[in-house]
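Here's a quick briefing on how this one is put together. Have the viewer open while you go through it.

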Amino acid sequence: MTLETKHLEITLETQVESVNLAEEMCLRVAEAAGFGEDDCYRIGMSVREGVINAFHYGNQERPEKKIHLAVDLTAEKMIIHVLDEGGGFRLTDVPDPLAEENLLSTSGRGIFLMRAFMDEFEVVEGRTGGAEIVMSKKLPAPGTTSPNGQGGT
Amino acid sequence: MFLRATHRDAGQVTVVDFSGRITLGDGSALLRKMIRGLLDDQRKQILLNLADVDYIDSSGIGELVSGYTAVKGRGGDLKLLHLTKKVRDLLQITKLFTVFDVYTDESTALRSFQ
């Protein structure tokens, strides 16, 4: 791999199908970057959750709004940006899904899963004024990726 | 991969065999429809066989929880059977492993409803 950063960007409609599309696109990038099966699963799940968050909470499922997905592949890591056109939110306002009183909640686990599955995770104010999720996974060191991807974690 | 579901009765217990992914959209909707349909038919002892479900996202988890509380609210019980590693790991990190009764053997699971 060269030291040059590779950049991929796509604008998605606010619809359920965009979740699968985003996951598939990022999985292809992750596989091409050398991530193993387990890391690909974690990356794919995180992208799903990021786009679900944008679809449901950010854009409120309003079809006139867009979801902006970008992937940067550097020499060290894969960085994923998911930007919505909503009003933004603060991580401190997100309830802890592991708290006893929230265990039986039917929603609110997406942020937790992204944090658990990625190496870095943050939410910033995006150029649209909406929330921009920025998350990354370190690339596996050359020659360390096992078939199940344990070397990349 | 789309979610598919079939169900069979084992005495008072209904076993639902799922295969595919339980994710936002059709997968979650089918899970909801299946559980609500069983409750409408007064089948309140439900065992979900997830042996062929290798992927659940937060929407699917939410639907599992919703089904669990709906069944409990009607005086029944909803339990899980044959979790794949990915699904088991997901339930463990979300602490839902402490909420659901999970079994690795169907006959043991069926006896637990008695």
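A:Val124 has A:Glu132 of strand 5 of chain A as its bridge partner. Strand 4 and strand 5 (residues 131-138) of chain A run antiparallel and are joined by six bridges. Keep in mind that this is a predicted model: local features need pLDDT of at least 70, side-chain atom pairs count only at pLDDT 80 or more, and totals for chains, interfaces and linings use all residues. Residues are numbered from 1 along each chain as its sequence is written, with chains lettered from A and ligands numbered from 1 in the order in which they are written.

**The sheet of chain A**
- Five strands make an open sheet in chain A, in the order 1-2-3-5-4, with antiparallel pairing (two strands pair if DSSP finds at least two bridges between them).
- At the edges sit strand 1 (6-13) and strand 4 (120-125) of chain A, each pairing on one side only.
- Neighbouring strands of this sheet are turned by 15° against each other on average, direction ignored.
- Helices (H or I, at least four residues) and strands (E, at least two) are DSSP runs, numbered from the N terminus.

**Helix packing in chain A**
- Helix 1 (residues 17-33) and helix 2 (residues 37-58) of chain A pack at about 150°, their axes 8 Å apart (axes are lines fitted to C-alpha atoms, for helices over the stretch in contact, and angles run from 0 to 180 degrees between N-to-C directions).
- That makes helix 1 of chain A roughly antiparallel to helix 2 of chain A (under 35 degrees counts as roughly parallel, over 145 as roughly antiparallel, 65 to 115 as roughly perpendicular and the rest as oblique).
- The crossing of helix 1 of chain A past helix 2 of chain A is right-handed (near helix turned clockwise from the far one by less than a right angle; anticlockwise is left-handed).
- By class, this contact of helix 1 with helix 2 of chain A has eleven nonpolar, two polar and four charged residues (Ala, Val, Leu, Ile, Met, Phe, Trp, Tyr, Cys and Pro count as nonpolar, Asp, Glu, Lys and Arg as charged, and the others, Gly among them, as polar).
- Helix 2 and helix 3 of chain A also pack at about 150°, with axes 9 Å apart, which makes helix 2 of chain A roughly antiparallel to helix 3 of chain A.
- Helix 2 of chain A passes helix 3 of chain A in a left-handed crossing.

**Where chain A meets chain B**
- Chain A puts 17 residues into the contact and chain B 16 residues (residues are in contact if their C-beta atoms, placed from the backbone, lie within 7 Å).
- Helix 2 of chain A brings the largest share of chain A's side, five residues.
- By class, chain A's side has eleven nonpolar, three polar and three charged residues.

**Chain B**
- Chain B has four helices and five strands, running β-β-α-β-α-β-α-β-α from the N terminus on.
- Its five strands form an open sheet in the order 1-2-3-4-5, with mixed pairing.
- Strand 1 (4-10) and strand 5 (102-103) of chain B are the edge strands.
- Strand 4 (residues 77-81) of chain B pairs with strand 5 of chain B in the parallel sense over two bridges, and B:Leu81 stands opposite B:Tyr103.
- Helix 1 (residues 26-40) of chain B lies across strand 1, strand 2 (13-22) and strand 3 (45-56) of chain B, at about 170° to strand 2 of chain B.
- Along its principal axes, the C-alpha trace of chain B spans about 30 × 25 × 25 Å.

Definitions and conventions:
Contact = placed C-beta atoms within 7 Å.
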